[in-house]
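Here is a short briefing for a reader new to this structure. Start with the overall layout, then turn to side-chain pairs and helix packing.

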Amino acid sequence: MLAIIRCRMFRLPGLLSKNLKIKIYRNITLPVVLYGCKAWSLTLREERKLRVFENVVLRRIFGPRRDEVTGEWRRLHNEELNDLYSSPNIVRVIKSRRMRWAGHVARMGEERRVYRVLVGKLEGRRPLGRPRSRWWIILGWISRRWDVGIWIGLGWPRIGTGGGRL
C-alpha cells in the first residue's frame, strides 16, 4: 500500500513550494496511510517500513543538499530530515492516536463491550465454529442475487443444490 501512495507531485522541483508539499503530505497522504491505525498491532518490521516510507517522502519534498566541504550534492540524512520536518514521526503519531483511543475507551461505561475487553472482564463464551446461517438470510441473499422477488408456494428454484430443494 505504501508504494502506491508515493506521489509524483513530491518530485516536481519548481512547481510547488516545500511548505505546500508538506501541507499536502500532512493533510492528504498521512490520513490515507494512517486510516484505522488505532487498531493496528505493529511489529518492529512494520514500524521500520513506515519510517522508511516517511523518510522517502520527506527526501522527495526537501530534495538534495550541497555539501559545504566538497560542493557535491548528497541525500539528506534521517536526522536532518527530522530537523527540517519538525513534526513527530509517523510511528509516534500512531502510538499517540492509540493512547487517545484507549483514553476514550477508559471513560466509557462498564456496560460497553469495548470497555470490558480493555479491562479484561469478559463474561460468557462465544460458540465455537462458524455462525449458523438462518434460512431468511439465505432467501434474502438468493432473491437479491438472482432478482427472484417474492417466493410463492413450492416454486423453489433449484439453484446450486445438486438438483435438490433449498
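Helices (H or I, at least four residues) and strands (E, at least two) are DSSP runs, numbered from the N terminus. On that basis, the elements of the protein chain run α-α-α-β-β-α-α-α-α from the N terminus on. This is a predicted model, where local features need pLDDT of at least 70, side-chain atom pairs count only at pLDDT 80 or more, and totals for chains, interfaces and linings use all residues. Residues are numbered from 1 along each chain as its sequence is written, and side-chain values use heavy atoms, with hydrogens and water left out.

**Overall layout**

- The protein chain holds 7 helices and 2 strands.
- Buried means under 20% relative accessible area, exposed means over 50%, and partly exposed lies in between (1.4 Å probe, protein chains only).
- Of the 166 residues of the protein chain, 21% count as buried.
- A contact means heavy atoms within 4.5 Å.
- Among contacts in the protein chain with a separation of 6 or more, 48% come from residues 24 or more positions apart.

**Salt bridges**

- A salt bridge is a side-chain nitrogen of Lys or Arg within 4 Å of a carboxyl oxygen of Asp or Glu.
- How many salt bridges does a search of the whole structure find? The search finds 3.
- Arg51 and Glu47 form a salt bridge, at 3.5 Å from N to O.
- Arg51 and Glu47 are 4 residues apart in helix α3 (residues 44–62), so about one helical turn separates them.
- Arg51 is partly exposed, at 35% relative accessibility.
- Is Glu47 buried or exposed? Glu47 is buried, because its relative accessible area is 9%.
- Glu47 also forms a salt bridge with Lys95, and here the closest N and O atoms are 3.8 Å apart.
- Glu47 lies in helix α3 and Lys95 in helix α5 (residues 90–106), so this pair ties together parts that are 48 residues apart in sequence.
- Lys95 is partly exposed, with 41% relative accessibility.
- Arg74 and Glu80 pair through their side chains in a salt bridge, at 2.9 Å from N to O.
- Arg74 has a relative accessible area of 26%, so it counts as partly exposed.
- Glu80 is partly exposed as well, with a relative accessible area of 25%.

**Asn55 in helix α3**

- Helix α3 also contains Asn55.
- Asn55 counts as buried, at 11% relative accessibility.
- Which residues does Asn55 contact, leaving aside its neighbours within four places in sequence? They are Asn78 and Leu81.

**Packing of α2 and α3**

- Axes are lines fitted to C-alpha atoms, for helices over the stretch in contact, and angles run from 0 to 180 degrees between N-to-C directions.
- Helix α2 (residues 18–33) packs with α3 at an angle of about 155 degrees, and their axes are 10 Å apart.
- Angles under 35 degrees count as roughly parallel, over 145 as roughly antiparallel, 65 to 115 as roughly perpendicular and the rest as oblique.
- The helices α2 and α3 are therefore roughly antiparallel to each other.
- On the α2 side, the residues are Lys18, Lys21, Ile22, Tyr25, Thr29 and Val33. They meet Leu50, Phe53, Glu54, Val57, Ile61 and Phe62 in α3.
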